Amino acid sequence: ISALVQAIQQANSIDPTLVAAELKAGGFKTIFGTISFDENNQFRDPYLLVQYNNQGDTPVVWPHNGLDMVYPMPTWESQDCRFGGNCSDIGECQSDGTCSCPGSYEPSGYKCIIVPDEDHQISPQVKAICMALFAINWLVSIGSIAWTVRFIRKPVVRASQPVFLITIAFGTMISSSTIPFIVIDDTNDEDRLAYLGKYTPANTACRLMLVTYTAGFVLTFAPLFAKLWR
């Protein structure tokens with residue numbers, strides 16, 4: 001099409017005879033390079049076939065110049081893997097974009113890494129102590145709430161404002177609920193996902209710790225600050 005347009009422009013006419021004469025006369029610069037036609041009106045120069053390689057270049061693979069054509073083309077996921085990390089140059093990118101890693105290496109995104117043997121688990125004894133303290137905290141808080149409700153009409157309790165007392169006790173229950181989440185570790189992580197940040201129980205526990213402690217802190221100290229302000 002590019003050659004035809006140039007031939008029409010050079011002939012300054014759309015007359016088929018004049019345009020054909022221009023096509024036979026000379027070469028035309030196109031995206032394939034300079035092309036021309038022989039006496040039989042056939043394309044004189046060979047077609048060029050280019051293909052993207054792993055480096056993002058587009059070398060000519062036909063006519064053959066020492067480079068082999070890649071067929072079938074890798075999937076887009078596989079190409080993302082090659083450009084993203086290429087499996088640390090020791091593994092192989094799969095069609096789904098994951099890495100196939102050798103030996104003791106394990107895939108992590110587009111890289112192959114060695115997951116070290118870690119022993120960061122909390123001992124059962126420490127877990128038991130933590131859960132015992134959690135239970136004591138809840139029992140004391142529930143007892144405090146029950147005592148406040150039981151004696152809510154007493155002058156001392158009324159002067160202390162029962163709503164504030166109950167809110168403070170409830171806040172300590174919520175904040176101490178952080179303890180069960182703290183003792184969740186990667187003990188049952190048989191696939192060693194924690195090192196890669198993909199162990200769901202531990203990830204969920206970390207998020208809930210922030211929620212429970214923050215909510216409990218607010219419920220505990222907001223009434224105290226309010227009373228001090230008054």
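Reader: What makes the link of Cys87 and Cys99 left-handed?

Author: The angle about the S-S bond of Cys87 and Cys99 is -100°, and the link is left-handed. The model is predicted: local features need pLDDT of at least 70, side-chain atom pairs count only at pLDDT 80 or more, and totals for chains, interfaces and linings use all residues. Residues are numbered from 1 along each chain as its sequence is written, and side-chain values use heavy atoms, with hydrogens and water left out.

Reader: How do you know that a disulfide joins Cys87 to Cys99?

Author: A disulfide is a pair of cysteine sulfur atoms within 2.5 Å. The S to S distance from Cys87 to Cys99 is 2.2 Å, so the pair meets the definition.

Reader: Why is Cys87 called buried, and why Cys99?

Author: Buried means under 20% relative accessible area, exposed over 50%, and partly exposed in between (1.4 Å probe, protein chains only). Cys87 has 0% relative accessibility and therefore counts as buried. Cys99 has a relative accessible area of 8%, so Cys99 is buried too.

Reader: What is the sulfur distance for Cys81 and Cys93?

Author: Their sulfur atoms are 2.2 Å apart, and the two form a disulfide. This pair links distant parts of the chain, with Cys81 in helix α3 (residues 76-84) and Cys93 in strand β5 (residues 92-93), 12 residues apart. Helices (H or I, at least four residues) and strands (E, at least two) are DSSP runs, numbered from the N terminus. The link of Cys81 and Cys93 is left-handed, with -75° about the S-S bond.

Reader: Why does Cys101 count as buried?

Author: Cys101 has 18% relative accessibility and therefore counts as buried. Cys112, with a relative accessible area of 5%, is buried as well.

Reader: What makes Cys130 partly exposed, and what of Cys206?

Author: Cys130 has a relative accessible area of 23%, so Cys130 is partly exposed. Cys206, at 48% relative accessibility, therefore also counts as partly exposed.
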